[in-house]
Amino acid sequence: LYFSVQGVAETARYVMAAGGLEYTDAAWPLDFSKFAGPASLHKADGPCPAFFAASSAGELDANMKRAPVLVVDGKYEIPQSKAIERYLAKKVGLMGGSDVEAAQIDGFVEHVRDIKDKYQKAKADEDAKAKYFAEEMPELMGKFEAAAARVSPGAGPALVGKSLSLADITLFNFITDFFDDKESASSSISKCPRLQASVKA
């Protein structure tokens, strides 16, 4: 259950596609011209009447009246986008070959979240946003490159172990889909061959 936008459910969609899972996507249409913050979603005449209806019917209670919610086998409800991603990745074999690899994968997913959070703080100011793409993001991705080399030595392309995982899908989604300025996002890993190999794979 989510909106017809990429947002926080997009990585889960990639995981299901990579794992060959069949799923139904609620994909509620969202009218951004009526969006005035999260509170506006909880109005019948707000930007997403379908979200309002689902929330009013209790379909989003598992996630404290927020989306996404993953419904498994028509009866089990899983809240929180990161929990959904981990559940799906484990189900389709994208959480590594051991508990240690699973934890390393989880750590890399959190690295991406940290880098994303820095952008969320910078994007409100044009100068800060420009500095983020020109300096901060390339520096952070360089640190991510070093982390991958340390945790899982070799040429890759997998960031952890020998097989692609949730870590690779998360990085791919971040670099190719998350930003409007896709050229700057791609440029941020221009000096990171390990990350480039992961994204390409």
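The largest pocket holds about 1,200 Å³ of space. The structure is a predicted model, in which local features need pLDDT of at least 70 and side-chain atom pairs count only at pLDDT 80 or more, while totals for chains, interfaces and linings use all residues. Residues are numbered from 1 along each chain as its sequence is written, and side-chain values use heavy atoms, with hydrogens and water left out. Helices (H or I, at least four residues) and strands (E, at least two) are DSSP runs, numbered from the N terminus.

**Pocket and cavity**

- On a 1 Å grid over the protein atoms alone, a pocket is an open set of points with protein on both sides within 12 Å along at least five of seven lines, and a cavity is a set of points where a 1.4 Å probe fits but cannot get out; lining residues have an atom within 4 Å of a point.
- Grid points are joined across faces, edges and corners, and a volume is the space filled by probe spheres set on the points.
- The largest pocket, of about 1,200 Å³, is lined by 37 residues, of which Tyr-2, Gln-6, Gly-7, Val-8 and Gln-120 are the closest to its centre.
- H1, H3, H4 and H6 each give two or more residues to this lining, and H4 gives the most, with 5 residues.
- The whole structure contains 1 cavity of 30 Å³ or more, and the largest cavity has a volume of about 50 Å³.
- The largest cavity is lined by Thr-11, Lys-82, Val-109, Val-112, Arg-113, Lys-116, Thr-170, Asn-173, Phe-174 and Phe-178; H4 and H6 are the elements that give two or more residues to that lining.

**Nonpolar cores**

- A nonpolar core is a set of buried Ala, Val, Leu, Ile, Met, Phe, Trp, Tyr and Cys residues joined through side-chain atoms within 4.5 Å. Buried means under 20% relative accessible area, exposed over 50%, and partly exposed in between (1.4 Å probe, protein chains only).
- In soluble globular proteins, nonpolar side chains tend to be buried together.
- The largest core has 41 residues, and those with the most contacts inside it are Tyr-132, Met-137, Met-141, Phe-144, Leu-159 and Phe-174.
- Two or more residues of this core come from each of helix H1 (10-18), strand S1 (69-72), helix H3 (81-91), helix H4 (99-122), helix H5 (126-151), helix H6 (166-178) and helix H8 (193-200).
- Another core, of 12 residues, lies apart from it and includes Phe-3, Leu-41, Ala-54 and Val-69.
- Leaving aside residues up to four places away in sequence, Met-137 touches Tyr-132, Phe-174, Ile-175, Phe-179, Ala-185 and Ser-188; contact means heavy atoms within 4.5 Å.

**Helix H8**

- Arg-194, Leu-195, Ser-198 and Val-199 are the buried residues of H8. Seen down the helix axis, these residues fall within an arc of 135 degrees, so they line one face of H8. The arc is that of the directions from the helix axis to the C-beta atoms.
- H5 and H6 are among what covers the buried residues of H8.
- Pro-193 and Lys-200 are exposed on the other side of H8.

**Cysteines**

- The structure holds 0 disulfides, a disulfide being a pair of cysteine sulfur atoms within 2.5 Å.
- Cys-48 is buried at 0% relative accessible area, and Cys-192 is buried at 3% relative accessibility.

**Backbone geometry**

- Most residues other than glycine have a negative phi, and most peptide bonds are trans.
- Ala-67 and Pro-68 are joined by a cis peptide bond with omega of about 10 degrees; Pro-68 is in the loop between helix H2 (49-56) and S1.
- Lys-65, in the loop between H2 and S1, is not a glycine but has a positive phi of about 65 degrees. Lys-65 is partly exposed, at 34% relative accessibility.
- Gln-80 also has a positive phi, near 70 degrees, and lies in the loop between strand S2 (76-79) and H3. Gln-80 is partly exposed, at 42% relative accessibility.

**Distances along the chain and in space**

- Asp-31 and Pro-47 are 16 residues apart in sequence, with 4.6 Å between their C-alpha atoms. Asp-31 is in the loop between H1 and H2 and is partly exposed, with a relative accessible area of 31%.
- Ala-103 and Pro-38 are 65 residues apart along the chain, and their C-alpha atoms are separated by 32 Å. Ala-103 lies in helix H4 and is partly exposed, at 49% relative accessibility.
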